[in-house]
Every structure is written in structure tokens, then in C-alpha cells.
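Please examine the structure shown below together with its sequence.

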Amino acid sequence: MKRIGVVYHSVSGCSKALAESVVEGVNTVEKCIGVALEVQGESIDQGRYKDQSLLVQLDQCEAIVMGSPTFMGTVSAQFKAFMDAASERYGDRCWLDKLATGFTVGSNFSGDQLGTIRTLQVFAAQMGMLWVPLDILPSQDSLGRNRGGCQSGLVAVAERAGEIHELDRLTAVHLGHRMADLALRISDFRATPFE
Ligand SMILES: Cc1cc2nc3c(=O)[nH]c(=O)nc-3n(C[C@H](O)[C@H](O)[C@H](O)COP(=O)(O)O)c2cc1C
């Protein structure tokens with residue numbers, strides 16, 4: 001069974017709803033299980049993220065989906081504290097070659113959510129992870145998913161506090177399915193020795 005971790009922070013509930021939808025998508029793929037892991041403010045002491053058990057659970061995942069609300073054009077302070085704590089795994093390349101992707105939500109259509117996705121991408125690169133873009137072509141999807149047209153990751157726009165748009169929910173389900181499907185295919189590829 002391949003574990004796909006979905007690590008997220010949420011204040012009013014939109015990122016949590018997106019994380020749950022990503023997990024739903026992961027669980028549509030046989031032999032994969034989605035694990036939602038919430039970064040909680042209580043785990044931060046004097047600016048330092050302290051929950052080692054969450055980090056250890058991510059060590060055991062084949063792929064990691066990261067989600068944060070967009071606050072002032074970037075990740076929330078709580079999610080950044082998690083990222084800084086994960087840097088303990090930078091030196092030993094603990095997450096090397098794990099698949100990574102990300103999602104964010106803001107209350108505006110062009111509320112600088114891309115700044116959040118870029119921050120997550122750079123973090124993944126520093127950790128030696130392989131970033132998976134969103135593969136839904138904007139304006140060409142029969143269901144209308146990826147309504148904002150971002151392909152670097154999933155950018156959502158909050159409906160109102162705690163509520164996500166149905167098309168963003170469907171996009172998150174798709175992203176979860178894609179990550180699980182790729183994680184399975186890549187593990188087959190890794191199992192094939194080079195000639
Ligand atoms: C401190 C703060 C900064 C915010 N900055 C942005 C922003 O830069 N762009 C944006 O579109 N929305 C911004 N928002 C709105 C949040 O991204 C939005 O409420 C989102 O749904 C929160 O996610 P959550 O429901 O998972 O907590 C901000 C909200 C707060 C409280």
C-alpha cells in the first residue's frame with residue numbers, strides 16, 4: 001500500500017476541505033491510501049514547529065501534497081514553521097525523489113496565490129523532491145475544473161469562510177488521484193534496474 005501524505009494548515013476550513021478532497025482522490029486509486037496531516041498552531045512554540053510525529057509520518061509517505069491558505073501572498077506562518085522544521089531532513093536527503101505538489105486558497109481571484117505555490121515549489125526543490133504540476137488544461141476541461149487556470153499547482157478561491165467552490169473540490173479530487181497514480185507508476189519504474 002502506498003501512502004500519500006496531505007499536509008496542510010487551515011484556519012477557517014477551506015484548506016482543510018481541499019485536503020480532504022485530495023485524500024478522496026488518492027483513495028480512488030487501488031493500492032494507495034491518503035493520509036491527511038494537519039499542521040496545528042498549538043504545535044508551534046516560540047515560532048518553532050514541534051510535532052515530530054507528523055514529520056515521521058511524512059517520512060513514511062511515497063508522495064507529499066502540501067496545502068496552505070494564502071496569507072499576504074504566501075504560505076501561512078504556521079505552514080512556514082512546519083517547512084522550517086522539515087529542514088532537519090534537508091541534510092540527510094530524507095525526502096529525496098518523493099513526489100510533491102501543492103494547493104492553496106485565497107479569497108480573491110487573483111490574490112497572489114501563485115506566491116504560495118512558488119514557495120511550496122522552492123521548498124520541494126530544496127528537499128530534492130519531484131514537483132507534479134496540475135495537468136488540467138484551463139478552459140478545455142469538460143467539467144470546468146482548474147477554473148483559475150494555474151498549472152503549477154491547485155489555486156482555489158474561497159466561496160465564503162470555510163466553503164470551497166464545487167469545481168475547486170473536483171480539481172482537488174483530481175490532483176489526489178493524479179498523485180496516487182503517478183506514485184504507483186514511479187515506484188514500478190524505480191523497481192526496474194538500469195541496464
Ligand atoms: C492574514 C490574512 C492574509 C490573507 N491574505 C490573502 C491574500 O494575500 N490573498 C488572498 O486571496 N486571500 C488572502 N486572505 C484570505 C484567505 O486566504 C482565505 O480566507 C482562505 O480561505 C483561508 O484559508 P482557510 O479557510 O483554509 O483558513 C488572507 C486572510 C488572512 C487572515
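Which residue has its backbone oxygen 3.5 Å from a polar atom of the side chain of Ser15? In this predicted model, that residue is His9. Ser15 belongs to helix α1. Is Ser15 buried or exposed? With a relative accessible area of 1%, Ser15 is buried, because the cut-off for a buried residue is under 20%. Its surroundings can be listed directly: once residues up to four places away in sequence are set aside, Ser15 touches Tyr8, His9, Ser10, Ser68, Pro69, Phe103 and Val105.

The largest nonpolar core comprises 30 residues, and within it Ile4, Leu18 and Phe103 have the most contacts. At least two residues of this core come from each of β1 (2-8), α1, β5 (63-69), β6, β8 and α5 (166-191). Which of these elements gives the most to the core? The answer is α1, with seven residues. Leu18 shows how this part of the structure is packed: apart from neighbours within four places in sequence, Leu18 is in contact with Phe103, Thr104, Val105, Leu154, Ala156, Ile164, Asp168 and Ala172.

The largest pocket holds about 250 Å³ of space. Its lining consists of 20 residues, and Thr70, Phe71, Val105, Gly106 and Ser107 are the closest to its centre. Two or more lining residues are given by each of α1 (14-26), β6 (99-106) and β8 (154-160). By class, this lining contains eight nonpolar, 11 polar and one charged residues. Val105, one of the residues closest to the centre of this pocket, is also among the residues that Ser15 touches and among the contacts of Leu18.

The second largest pocket has a volume of about 200 Å³. Of the 14 residues in its lining, Phe109, Ser110, Gln113, Gly148 and Val155 lie nearest its centre. Both α4 (113-126) and β8 supply at least two residues of this lining, and β8 provides the largest share, with three residues. The lining of the second largest pocket divides into six nonpolar, five polar and three charged residues.

Notes:
Residues numbered from 1 in each chain as written. Predicted model: local features only at pLDDT ≥ 70, side-chain atom pairs only at ≥ 80, totals over all residues. Heavy atoms only, no water. 1 Å grid on protein atoms, 1.4 Å probe; cavity = no way out; pocket = protein on both sides within 12 Å on 5 of 7 lines; lining within 4 Å. Points joined across faces, edges and corners; volume = space filled by probe spheres on them. Helix = DSSP H or I, 4+ residues; strand = E, 2+ residues; numbered from the N terminus. Nonpolar A, V, L, I, M, F, W, Y, C, P; charged D, E, K, R; others polar. Buried < 20%, exposed > 50% of the residue type's maximum accessible area, 1.4 Å probe, protein only. Polar contact = N/O pair within 3.5 Å; in protein donor to acceptor, adjacent residues only side chain to side chain. Contact = heavy atoms within 4.5 Å. Core = buried A, V, L, I, M, F, W, Y, C linked by side-chain atoms within 4.5 Å.
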